[in-house]
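I opened this model for the first time today. My notes follow the order in which I looked things up.

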Amino acid sequence: WSASSATSTSSEPCGTSVRTSRAMSERPKDTLAAEMTALLGMVDWSPEDVTLLGGSWSAIAPVAEELVARFYQAVERDPEAAQILGNNDHRAGLRRSLLRWLEALFAGPFDGGYLARAQAIGRTHVRVGLPQRQMMLAMHHLRRGLHDRLDETYPAGEAQRRRAAVDRILDVELAITASAYVAESHEAELAAMRDLVVAHLPIKA
């Protein structure tokens, strides 16, 4: 689930894709911030959500490792995804990265930097060949685990408000990573086609 961890064991599909990813990551901060604000507005985000998420981490932290383990168990049900995740040492690194991501999900700040990191995750999944469907389905298990923990910790009405805040930020996160995944996949396909054409061009003596 981490851009840094996953790319440490993979190579870029082509030079054009690398340039595209770099260009996306170097977009002006104010542009990223405005885009993040617009995305949050689409899920009726409010300052109360920030407060609810920040205050909920104390309940989630004790079970965070268990939730991460459940997430990767779901991912590894797919043989292709399990192979991509690699050996135990690499998987341990990915789990640590997901723990950091989970904490940031509750702590924020939910700004342009948050958007850029989520986009990087989506692009990384393309570069390492991780099936998008498996990540989406694994998020179901993580979401359910977060809901269960909040239900166990807070009275019904309070738990519902906190679950709603979790759902909003997870929906935004998935929208960002899915969009970045599609864009990166498209660029990779175009670059591969260009490379193929160039490789078959006649060479003049």
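**Entry 1: ground rules**

I am working with a predicted model, in which local features need pLDDT of at least 70, side-chain atom pairs count only at pLDDT 80 or more, and totals for chains, interfaces and linings use all residues. Residues are numbered from 1 along each chain as its sequence is written, and side-chain values use heavy atoms, with hydrogens and water left out.

**Entry 2: helix 3**

I took helices as DSSP runs (H or I, at least four residues; strands are E, at least two), numbered from the N terminus. Helix 3 covers residues 29-42, which is 14 residues. From first C-alpha to last I get 20 Å, close to the 20 Å expected at 1.5 Å a residue. The expected span is 1.5 Å times one less than the number of residues.

Next I asked which residues of helix 3 are buried. I used relative accessible area with a 1.4 Å probe and protein chains only: buried is under 20%, exposed over 50%, partly exposed in between. Leu32, Met36, Leu39 and Leu40 are the buried ones. Down the axis of helix 3, they fall within an arc of 100°, so they line one face. That arc is taken from the directions from the helix axis to the C-beta atoms. The face turned away from the buried side carries exposed Asp30, Thr37 and Met42. After helix 3 comes aspartate 44, and its phi is positive, near 60°.

**Entry 3: the core**

I then looked for nonpolar cores, meaning sets of buried Ala, Val, Leu, Ile, Met, Phe, Trp, Tyr and Cys residues joined through side-chain atoms within 4.5 Å. The largest one has 48 residues. Which of them touch the most other members? They are Phe71, Trp101, Leu102, Phe106 and Leu146. At least two core residues come from each of helix 3, helix 4 (47-60), helix 5 (64-75), helix 6 (79-85), helix 7 (88-107), helix 8 (112-128), helix 9 (132-153) and helix 10 (156-199). Helix 10 gives the largest share, eight residues. As background, nonpolar side chains in soluble globular proteins tend to be buried together.

**Entry 4: salt bridges**

My rule was a side-chain nitrogen of Lys or Arg within 4 Å of a carboxyl oxygen of Asp or Glu. By this rule I count nine salt bridges.

I checked aspartate 49 with arginine 168 and found the closest N and O atoms 2.9 Å apart. Aspartate 49 sits in helix 4 and arginine 168 in helix 10, so the pair ties together parts 119 residues apart in sequence. Aspartate 49 is buried, at 2% relative accessibility. Arginine 168 is partly exposed, at 25%.

Arginine 143 bridges to aspartate 167, with 3.0 Å between the closest N and O atoms. Here helix 9 holds arginine 143 and helix 10 holds aspartate 167, so parts 24 residues apart in sequence are tied together. Arginine 143 is buried at 19%. Aspartate 167 is partly exposed at 22%.

Arginine 162 meets glutamate 158 in a salt bridge at 2.9 Å, N to O. The two are four residues apart in helix 10, about one helical turn. Arginine 162 is buried at 12%, while glutamate 158 is partly exposed at 23%. I also found Glu48, Glu158, Arg161 and Arg162 linked in a network of salt bridges.

**Entry 5: rings**

I paired rings of Phe, Tyr and Trp (its six-membered ring) if their centres lie within 6.5 Å; planes under 30 degrees apart are stacked, over 60 edge-to-face, the rest tilted. The structure holds four such aromatic pairs.

Tryptophan 45 and phenylalanine 110 are edge-to-face, 5.1 Å centre to centre, with 70° between the planes. Tryptophan 45 is in the loop between helix 3 and helix 4, and phenylalanine 110 in the loop between helix 7 and helix 8, so the pair ties together parts 65 residues apart in sequence. Both residues, tryptophan 45 and phenylalanine 110, are buried.

Tryptophan 57 and phenylalanine 106 form a tilted pair, 5.7 Å centre to centre, with 45° between the planes. Tryptophan 57 and phenylalanine 106 are both buried. Ring pairs also join Trp45, Phe110 and Tyr114 into a cluster.
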